[in-house]
Structures are given as structure tokens and as C-alpha cells.
Amino acid sequence: MPGSLIQRRGLMLVLSSPSGAGKSTIARALLEQDEELFLSISLTTRDPRPGEEEGRDYFFVSEDAYHKKVEDGELLEHAKVFGNYYGTPRTLVEQHLTAGEDVLFDIDWQGTQQLRESARDDVISIFILPPSYEELEKRLTGRGQDSEEVVNKRMAKAADEMSHWPEYDYVIVNDVIEESIQNVQAILKAERLRRTRRLGLGKFVKSIRSIA
Ligand code: 5GP
């Protein structure tokens with residue numbers, strides 16, 4: 001067996017950030033360029049936004065259905081984020097990990113804490129920060145159609161979310177988007193090479209040490 005085919009264990013790559021930091025753009029680029037990375041689709045009790053699709057962006061569920069899934073242990077993690085409930089369905093994630101594939105999570109700090117508690121060795125967490133206060137404000141102001149009150153509320157939410165940066169393994173300041181994407185790819189590449197994730201390594205080394 002060539003060394004490049006050594007079997008490995010899938011990892012869980014978590015991206016968190018306040019909205020407006022560029023996380024979705026980074027996630028999209030990663031998923032497009034990496035065939036071994038799959039997105040965990042969360043479920044949520046909030047209403048779909050224009051353009052969002054069931055099963056692609058989220059699974060949209062009622063509060064009753066959400067609470068039932070929590071009770072039945074069907075969620076890997078779950079949290080209330082700014083008034084709505086969110087959770088990660090367990091089955092698909094476990095299927096990917098077992099197949100040696102990696103799973104990308106776009107979840108908040110509460111969900112990240114829960115994943116870390118249940119699977120510390122398999123979780124790599126990255127926090128994305130905006131490059132400056134001014135830039136974040138600009139990104140959250142949108143096309144200038146929102147009232148000052150709405151924008152202030154978004155900034156307060158962002159400040160709240162950002163206070164959790166020290167809980168993450170890596171922090172990326174998203175100034176130039178291409179660089180941020182490359183940085184996340186570099187983290188992923190290095191983490192995939194970790195000895196402890198490479199299940200077939202012992203067998204491989206044995207094979208190259210055997211004397212004919
Ligand atoms: P939005 O409603 O804007 O799509 O997401 C709001 C926040 O909820 C984002 O910070 C996002 O990362 C987080 N979120 C989305 N899905 C999940 C999930 O399954 N679990 C947790 N804990 N947070 C989630």
C-alpha cells in the first residue's frame with residue numbers, strides 16, 4: 001500500500017464567528033475545493049430567509065420537533081442562539097467520520113463547547129474575526145437599508161459572540177479573504193497529518209520495515 005493511502009480518522013472542523021466576519025464565504029470555498037470535506041447541515045426553528053433552501057442551508061423544523069429530537073438524543077449538540085434553536089443531527093456526521101471523511105460545522109460557541117466535551121480529540125476549532133470594528137460595522141450595515149437601532153443590535157450580538165475567541169484552537173483575522181481561505185486549508189492539511197488520526201500508520205510502518 002502506498003503511504004499516501006494510509007487510512008485516517010475523520011475530523012470535525014468547526015468555524016465560528018460573529019455574522020459579518022466572512023465565515024460563510026470561507027466555508028463555501030473550502031467545500032468547493034476539498035472533496036474530503038462535508039458540511040454538517042443543522043436544523044433550526046427559525047424561518048427560512050429569502051434564498052435559503054430546505055436541506056441545503058438548514059432543515060427548518062418546528063419547536064416541538066426540535067425538542068423531540070433533543071429528548072431522543074438525535075442531536076450531537078444543540079443551543080439557543082439569539083432567540084432561535086439550532087442543532088446538529090447526529091447520524092450523517094457519524095457516517096462521514098466513520099468513512100474517514102471530515103465534517104465542517106458552522107456553529108456557535110455553545111455548540112463548539114459541547115462538541116469539544118463529547119469528542120475532544122476529533123474537534124478542531126477556528127474562530128474568524130473581522131479585520132476591524134469599522135469593517136464589521138460596514139458589513140453589518142448591509143446596503144444601508146437598516147435602521148441604526150437594527151445595526152446597533154447586530155453589533156452588540158457580534159461583540160457578544162466575539163468574546164469567546166479564547167476558547168478556540170485557532171483564530172483567523174479575515175482581512176484578505178483569499179488568505180483566510182488558505183490559512184484554514186493549511187490548518188486542515190496539518191491536522192489531517194497528525195499521527196493520532198492516521199489509523200493505518202502502524203501497519204504501514206511495519207510493511208516498510210519488513211525485511212524481505
Ligand atoms: P443564522 O440564523 O444567521 O443562520 O445563524 C445564527 C448563528 O447560529 C450562527 O452563529 C451559526 O453559526 C449558529 N448555528 C447555526 N447552526 C447551528 C447549530 O447547529 N448549532 C449551534 N450551536 N449553532 C448553530
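Me: Which residue has a polar backbone atom 3.2 Å from an oxygen atom of the ligand?

Reply: That residue is Gly 87. A polar contact is a pair of N or O atoms within 3.5 Å. On its own the ligand has 510 Å² of accessible area, of which the protein covers 87% (Shrake-Rupley method, 1.4 Å probe).

This is a predicted model, in which local features need pLDDT of at least 70 and side-chain atom pairs pLDDT 80 or more, while totals for chains, interfaces and linings use all residues. Residues are numbered from 1 along each chain as its sequence is written, and side-chain values use heavy atoms, without hydrogens and water.

Me: How many residues surround the ligand, and which are closest?

Reply: A residue counts as near if one of its heavy atoms lies within 4 Å. Here 15 residues surround the ligand, with Ser 42, Arg 46, Tyr 58, Tyr 86 and Asp 106 the closest. The strands β5 and β6 each give at least two residues to this shell (strands are DSSP runs of E, at least two residues; helices are runs of H or I, at least four). Five residues of the shell are nonpolar, four polar and six charged, where Asp, Glu, Lys and Arg count as charged and Gly is among the polar ones.

Me: What space does the ligand take?

Reply: Rolling a probe the size of a water molecule over the atoms shows where empty space is left. The ligand takes the space of the largest pocket, meaning that more than half of its atoms lie within 2 Å of the grid points. A pocket is an open set of points on a 1 Å grid where a 1.4 Å probe fits, with protein on both sides within 12 Å along at least five of seven lines; lining residues have an atom within 4 Å of a point.

Me: What lines the largest pocket?

Reply: The lining has 47 residues, and those nearest the centre are Ser 19, Ser 24, Arg 46, Arg 49 and Tyr 58. The helix α6 supplies the largest share, seven residues.

Definitions and conventions:
A polar contact is a pair of N or O atoms within 3.5 Å; within protein, one must be able to donate a hydrogen and the other to accept it, and residues adjacent in sequence count only if both atoms are side-chain atoms.
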